[in-house]
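Please consult the sequence and the model shown below while reading.

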Amino acid sequence: MTGVVQGVGFRPFVYGLAIHLRLKGFVKNSSGRVLIEIEGDSNAIDRFVDTLRYFPPPLARIDHLEVGALAPLGDPGFRIDPSIDDGSEGVLVCPDVATCEDCLRELFDPQDRRYRYPFLNCVNCGPRLTVVTDVPYDRERTTMAKFVMCAACRAEYEDPRDRRFHAQVVACPGCGPRLSLLDAGGAPLATEDPLTWAAAALRNGAIGALKGLGGFHLACDARSEPTVRELRRRKQRDTKPFAIMVADLAGAQALCAVSPLERALLSSVDRSIVVLTRRAGAPVAPSVAPGLHTLGLMLPYTPLHHLLLAETGADALVMTSGNRADEPIACDDDAPAQLRGVADFFLVHDRPIRLRCDDSIVRIAGGGAVPLRRARGHVPQTLTLTHRLARPTLATGGHLKATFALGGRTSAFVSHHVGDLGDYATYRVWLEAIEHYERLFRITPSRIVHDLHPGYASTRYAVERARAGGEELAVQHHHAHMASCMAEHGLEGPVIGVCFDGAGLGTDGTIWGGEFLVGDYLEARRMAHLAPVPMPGGEQAVRQPWRMAVAHVAYAGLDPAASPIARRLDSATLRAVDRMLARRFNAPLTSSMGRLFDAVAALAGVADQTTFEGEAAARLEALAAGVAPEPGYHVPVDRNGLTLVADPASLIRAVVDDARAGVKSAVIARRFHSAVVDLIVTVCSRLRSATGIRIAVLTGGVFANAILAREADQRLFAAGFEVYTHRLVPPNDGGLCLGQLAIAAARDAAAGTAPH
Ligand code: ZN
Ligand code: ZN
Ligand code: FE
C-alpha cells in the first residue's frame, strides 16, 4: 500500500492485527510503500484487509492498496522485517504531529519515567518531517540517529504491545535529547533546570528564543505591552501581527470568539495558528496585532510548550518565528548569531532540525478553513492532479510567499511556506528545501515551470536550471492562481476565475491583480478587469498606500492637492508624485485590486504606510467587520471591445466625498467591501450571459479577506453560481505552484504525451 503509511504506527498496527487474527507472515517498509505478506485462514485474511482499508491507524492515510495471491510459505509467525530502499517514488513522510493525550498524561505524572521530559513522544505523536533525513522512515535516517536508545526505551521499541513499538524517535531522559540554556551572547548558562529558569525569565518580562520543531520561536509575555513593543523593536517588525500560544481551548476563548469549527481547527493535530476574532477587552498587549480585529492563536504542540505554559502560569505567550525582518527562521547552531540582540536567552536542545518549517496559519472564510500559510503539520501532503504529468516536474511558484511543488505522474507535493525570495538567505533555504524534497520524494524533475515575471528569483532559478538540462514552461500569474483553485477541486473547466491580488505580471506587460479570467488549464482569457491606473514609484507604492491614493484621485479627475490625504503629506512630496504621474515616469500601469484597497485605506485615513503585504486591506477589513453592512459604492462596468472594464473613478470620488463629509472610516471601509462584492457578482453574471459558464473560482491573496470571501461566496451562490474557494493551498502566492503544476499536466494530456 501507498499513502501516509510510514511514521504513523502502521507496522505495529499491522503486527497487532495479524497476531490478533492469528495470521503469519511479515510487514516491511519499502521506500514509498508498505509490503505485507500474510497467510492463514481466508476469513481472517479478508477481515485483515478490510480493517486496513476501512479502519487504519488515526494518522495513516492509504492512497492505494493492492492485493494479490501467493503460494503459502509456511511462515512460523508474524514479524516486522527491516526496511528496504527500492528507489521507488511516492514516499510519504508523515507531517509533524502534536503531543498526544497519552504522552501528555505521562508528561505530568510524577511517577512516570518521562515526567517533565520535553522530548517524549510515541508512535502517534512527535516530530516527523522536520527530523527526517531520508526515506524509508527509520531511526537511522532521522536526526535522532546519534542518540543510542537505553535498555528501557529499546524494550518499549521492541514490544509489539507498547505504544512506542517501532516509534522511531522514541527517547527518554536517560538516552534522548536534553535542554540547555544559553545567554544573550550564546554562551552556556549553567543551571539545574533550564526549563524552570526560562519560565521564570519569561514571567519577568524577558524575551526568549526557544528551539522548537521546525526552528526557533521568539517568546514573551503576550500581556505586557512594554515587552511586546521591545520585541517589535529588536525583531525590526513594525506592525505585522504576532501569533500567540495559549495553554488550552479555555485560554483561547478568553481572548477570542471561537466557533465549533474553529475549536476543531485549534485542537487538530497539525496545531496551526488560527486567525480568530478578538474579544473586546481581551487581555493582550495592543502591540501584538496593531489595528486588527483578529488574533492568531495556537495551542501547544510539543511537550516543551506544554511544560513552559504550565510553569510560567501565563495565559498567553507571544510565539513568533525566530527571525529578524525577512530572514529565514533561525534553526540549530546559527540561532545565537542570527538572533543576537533579539533574544535575552536561548532555550535550546541537541536534537538537530533537518528541515526549517514555520507554523501554519488558517482562517475561516467563506464557510470553511482557508490555509493562509501551509507549513508545519500540513506538509508533506499529496494532492492529486486532474491530469497525468508526462514527466517529473518542478513548479517554482512565486516570489514573496515562496513555495514550490514537485509532481510525479498525478501526485503533487506542495512544499511548506519558505518566505520572501528577495532575501538571499531565504533564497538559499528555498534551494535546499527543493533539493531535500527531491530526495525524499524521489522525483528528479526534467521540466521546470515558473511565473512569467522575469524578475522573480524563482523564475531566474527555473530558467537557469532548465537551461542546464530540461524543459521550461512559463505560466501567467493569475492563470496559475485560477488553475490552483481548480486543481484543488478537481475541476476541468471552463470556469470564471476571479483573481484578485496585489500584483502579477500580465501577458500585456502591465501589472495585473483585479482580473476575471475565463478558461481552463490550457487557456485563460482576460475577459474583465479593473481599469489600469499608474503606480507612482512602482514597488514603493506597495509600502506607501498614499501613493496609490494620489494616483487614483488623479485618475478620478480630482485634484490630489485637495484630497483628504493632502493634509498629511507635504506639498513637495505631493508635487513629486504628481509629476511622476503626469510624465508617466516610474509609474507602471496596474489593474490590481490590492492597490485599490491601498488607495481606499489611505483615503479613509487607515493606512498611509504599511510594513507587510496586505496590511492596508487587513486594516480596512478590521474596520468593516465592526459595523453593520452598508450598500456599496457604485462601480460602472463598461465594454471595451470584447473585454469588460470596471472603472473605479466614481468609487474613488464617493470615498473622497465621504471622507470630506466626516463619514467614519469604518463605514467607508464597509461600503467599499460591499462595492467589491457587488462588482464580483455583476461581472460574473455578465460573463455568464456571454459564455454560459456558471462555475466561479475565487482566488488570489485578496480572498484572505473573510468578509469578501464570505459575501462573494454567498451572493454568487444565490445568483446561481457554483462557487469554489481555496481549502488545501493558500489563495495567495503560496498556492501558485500547484496551479503551475496542474497547467503542465493538462498540457501533457492535451499533447497526448502522457503515458496511460
Ligand atoms: Zn504520543
Ligand atoms: Zn531511553
Ligand atoms: Fe498573486
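Does Cys175 count as buried or exposed, and at what relative accessibility? Cys175 counts as buried, because its relative accessibility is 10%; buried means under 20% relative accessible area, exposed over 50%, and partly exposed in between, with a 1.4 Å probe and protein chains only.

The model is predicted, so local features need pLDDT of at least 70 and side-chain atom pairs count only at pLDDT 80 or more, while totals for chains, interfaces and linings use all residues. Residues are numbered from 1 along each chain as its sequence is written, chains are lettered from A and ligands numbered from 1 in the order in which they are written, and side-chain values use heavy atoms, with hydrogens and water left out.

**The zinc site**

The zinc ion (ligand 1) is coordinated by the SG atoms of Cys100, Cys103, Cys122 and Cys125, at 2.3 to 2.4 Å. Donors are N, O and S atoms within 2.8 Å of the metal (3.2 Å for Na, K and Ca); water is not among the atoms, so sites may look incomplete. Along the chain, the donors of the zinc ion (ligand 1) follow the spacing C-x2-C-x18-C-x2-C. Cys100 lies in the loop between strand 5 (78–80) and helix 3 (101–107), and Cys125 in the loop between helix 3 and helix 4 (151–158), so that the pair, 25 residues apart, links distant parts of the chain. Helices (H or I, at least four residues) and strands (E, at least two) are DSSP runs, numbered from the N terminus.

The arrangement around the zinc ion (ligand 1) is tetrahedral because its four donor atoms subtend angles of 102 to 120°; four donors count as tetrahedral if all angles lie between 85 and 135 degrees.

**Accessibility of cysteines**

| Residue | Relative accessibility | Class |
|---|---|---|
| Cys100 | 14% | buried |
| Cys125 | 1% | buried |
| Cys172 | 2% | buried |

The structure holds zero disulfides, a disulfide being a pair of cysteine sulfur atoms within 2.5 Å.

**Cavities**

The structure holds seven cavities of 30 Å³ or more. A cavity is a set of points, on a 1 Å grid over the protein atoms alone, where a 1.4 Å probe fits but cannot get out; lining residues have an atom within 4 Å of a point. The largest cavity has a volume of about 150 Å³, a volume being the space filled by probe spheres set on the points. Its lining has 19 residues, and the closest to its centre are Pro118, Leu213, Thr302, Pro303 and Arg351.

Key. Tetrahedral: all angles 85-135°; square planar, octahedral: opposite > 155°, others 65-115°. 1 Å grid on protein atoms, 1.4 Å probe; cavity = no way out; pocket = protein on both sides within 12 Å on 5 of 7 lines; lining within 4 Å.
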